[in-house]
Amino acid sequence: MLKPILLVEDNPNDLELTLIALEKSQLANEVIITRDGAEALDYLFQRGQFAARPAGNPAVILLDLKLPKVDGLEVLKTIREEAGLRSVPVVMLTSSKEERDLLRSYELGVNAYVVKPVDFGEFVDAIADLGLFWAVLNEPPPGSLRYVRPR
Amino acid sequence: MYAMTQLSDEHLNQAIANCAQEPIRTPGSIQPHGFALFLDAGLRVLQVSDNLAKHTGIAPESALGQPLDALFGAGAVQGLRAEMERMPLRRNPAYLDTLEFAGGRYDVLGHEYDGLLTLECERTERSGGADFRHLYPLVGDFLRKLDDTHRVADMCMLAAHEIRALTRFGRVLVYRFDHEGHGHVLGESRDDAHPSFGDHRFPGSDIPAQARELYVLNRLRLIADADYTPSRLLPALNPLTGKANDLSFCALRSVSPVHLQYMRNMRTYASMSVSLVVRGKLWGLISCHDEKPCFPSFDKRTACEQLGQILALRIETREDAEELQLRLDMRRTMVDMLARLTQGPDFIDNMSGVFPQLLQFMHAGGGALVVDERIVTYGVTPDQEAIAALVGWLAVHAQGDIFQTDRLTAAYPPAAAFQHCASGLVAMPVSRIHKHYLLWFRPELVETIEWAGNPHAKASPQGQLTPRTSFDTWRETVHATSSPWRGGEIEMALEFRTALLGIALERAEQMAELAEELGRANKELEAFSYSVSHDLRAPLRHIVGFSDLLLEARGSESAERRARFLTNIKDSARLAGKLVDDLLSFSQMGRAALRPTQVDMGELVRACIDKLKFDLRGRDIAWQIGPLPVIEADPTFLQLALLNLLSNAAKFTAGRTPAVIAVSADSTPDETVFHIADNGVGFSMDYVHKLFGVFQRLHRMEDFQGTGIGLANVRRIVERHGGRVWADGRPEHGATFSFAIPKELLI
């Protein structure tokens, strides 16, 4: 069983586009959706509505930078400060390449920082590559087969 | 002609220096057409001129030590004494009597100077005594004619004619010393025997500085015969002082041999000069020449002196009036400019807006404003590169508050490249700290000057002054020179500069006051641009994304899915539009000025609810409006804030039946506080700090529409009034938004 991908995205349009992109990249991982930073942390810490979820960390967290209540940078900071979560790869998704966001993300130990491209084809490719690398290649579950992207 | 005197400048300067040391006040001699006696207070003869015998038959040596009675006879001396008692002697000679001596009839002039009482006796052909009565009609007539003339040149012409008619000199010139000291002939009256010098220039070096000084003290100087042999004083030194007599005020004073040579070179054998002193300075001369010796009597010379004084006075009033008019015009232009200069925030924009007035102000052909590396020009000017280089040079070489020249190439040779448009320059630094300059340019005035002889050919190579030998017209075409800047123009320019610096200082103070506000605005602006880059891009990306999906799918997707994509595209487009609108209103909010009046808050809240009615149709909302006071605030801004708060309350109570929205007010000594409370979804106090930030959202897009600007606007409006905003809430238990407006507005 592959670990799930945790997608944290508040904007319904971005959510739909990202899901379509993940679908197109034919990743087998389950995608868990949370809609703001607080909900994402609830999931990661298995509390609130996620208190009863099966134990285990996601394969990768796709984290939007701007989120209601608790924003992406705060979520990242909390993850990196928590021993049990520290090793989970985090990919920051954002609308713009504001330098201060980028620098702050690197400081906080982000694994990748992706500026959402305007062109949808590029967006699909970016999501597919990221999912492939972080969800599959980077941390192959012990004993599982390597996933080969179909041509 | 020029080749001979290539070394001229150096030699000329040397010769003039020698000339400057010539003892013109103490020549030790007089002109021989009269004789002089120097007496003590008791009228005892101390000195005489050595031509005494020629005029009176009395040997000079025998006269020394004698009482005057012994020389002139007791009767004559009694008359002189009576005249001196009636009108005590002064520095300038006065007419005392006409006496008969061996040589004929003589006008006796007396003055007291250098410790001595001086009697000068001039040969006269007149039968009776001097008659000054004809002076008054003459002066009156001249005054009347002067009143009809307005141009200074016309006045000079008139004076030349009057004086020639009075004195019978063959040529009378009236000239003004220009700003470089050259005499410029403005008026001339002459007979056919004398060549014209009309509009000619006499080089400034023709008249040494000490001669000019003497012209101010003693307003009339006569040389009756350039070929005269001076009569020496006997004894040579003033017995009272032991020094050579100071003859500054003597009518018969002998002049420098250099000057006599000058006259002979000019083929002039008699000359008379009347000084034109304007505002205490030697403005010009009335210069009378004749090719033959000529000796106008004392009463005629007195009339000439009077005419000269009247002319000088008229010139002074005329110039004063012109100067006043010039300054008045300049001041009007300046006030107009300053009014415009204070209008906008940007110095360069403001200055650029008044460039036409700036040129008019200084009567210039071009202007430039240099602010650090930026150069703005108007009119005809050198190119930007040349101006930049010029300013670089000015920064190093120009001292003081203003630099001005009408011959820029002389100080700054590279200016030759643009002398046609900038031979004249006035440059003022307009900042005390920065390299900011205001420049005015005057174009080249190519002028052909008719010199009365080549001014460059004066000194001999030996360094000894050789008076000019030629007075033939020598034409010189002057290049690289503009019309000179007037004193009034320079003074007004400085005044303008002071005003500009004043504005700058005032600005700086305003800046300091605004600094805090600016800091806050900057922070908001930063948040603003940050948000624009994030939030405005999102809907655009969505439109492109869903459009791509639609194109790519081409019917393979379900109809239901395609319909959703289309809806998403439409919603994104609408959101993008609303974002732009909201951002605009947000940024305008920061700029527009507040106009506080008395606002009835009850009325304002009810008006807001009316406005919202259409959007809220179908909703069940119980409005509870408490008693609300009248406060001082800007009604337009406050209505915007209330609309935001009320529509927010309506938005977040969407699921409640009924929705309850309450507006209430309470009062502290300093503030009026308003609360808008609802029973909606509320929020967690954990996130309250984000509530009023631009583009901060606490809810998902699909749950509650909005751009995230509304509450930022509310905060901005309230803070512009000097007030504060806050909020209280619990998830699912409603929210209360409050704001306080100070009773004394600090705007």
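Colleague: Which residue in β27(B) is the bridge partner of B:Gly729?

Modeller: Strands of a sheet pair through backbone hydrogen bonds, either parallel or antiparallel. In this predicted model, B:Gly729 has B:Ala735 of β27(B) as its bridge partner, and β26(B) and β27(B), which run antiparallel, are joined by six bridges. Two strands count as paired if DSSP finds at least two bridges between them, and the elements themselves are DSSP runs numbered from the N terminus (helices H or I of at least four residues, strands E of at least two). Residues are numbered from 1 along each chain as its sequence is written, while chains are lettered from A and ligands numbered from 1 in the order in which they are written. Local features need pLDDT of at least 70 and side-chain atom pairs count only at pLDDT 80 or more, whereas totals for chains, interfaces and linings use all residues; side-chain values use heavy atoms, with hydrogens and water left out.

Colleague: What is the order of the strands in the open sheet of five strands?

Modeller: The order in chain B is β22-β24-β25-β27-β26, with mixed pairing. The edges are formed by β22 (621–625) and β26 of chain B, each of which pairs on one side only, and the twist from one strand to the next averages 15°.

Colleague: Which residues touch the most other members of the largest nonpolar core?

Modeller: In soluble globular proteins, nonpolar side chains tend to be buried together. A nonpolar core here is a set of buried Ala, Val, Leu, Ile, Met, Phe, Trp, Tyr and Cys residues joined through side-chain atoms within 4.5 Å, where buried means under 20% relative accessible area (1.4 Å probe, protein chains only). This core has 41 residues, and those touching the most other members are B:Met601, B:Leu638, B:Leu642, B:Leu646, B:Ile676, B:Phe737 and B:Phe739. Among the elements giving it two or more residues are α17 (601–612), β25 (671–678) and β27 (735–742) of chain B, while α18(B) gives the most, with nine residues. Leaving aside residues up to four places away in sequence, B:Leu638 touches several others, including B:Met601, B:Ile717 and B:Phe739. Another core, of 35 residues, lies apart from the largest one, and B:Leu135 and B:Ile286 are among its members.

Colleague: Where does pLDDT stay under 50?

Modeller: pLDDT is the predictor's confidence in each residue, from 0 to 100. Chain B averages 84, and 85% of the residues score at least 70. The value stays under 50 over residues 1–8 of chain B, for which the model has eight contacts (heavy atoms within 4.5 Å) beyond four places in sequence. Residues 459–466 of chain B are also below 50, with 16 contacts beyond near neighbours in sequence.

Technical notes:
Buried means under 20% relative accessible area, exposed over 50%, partly exposed in between (1.4 Å probe, protein chains only). Axes are lines fitted to C-alpha atoms, for helices over the stretch in contact, and angles run from 0 to 180 degrees between N-to-C directions.
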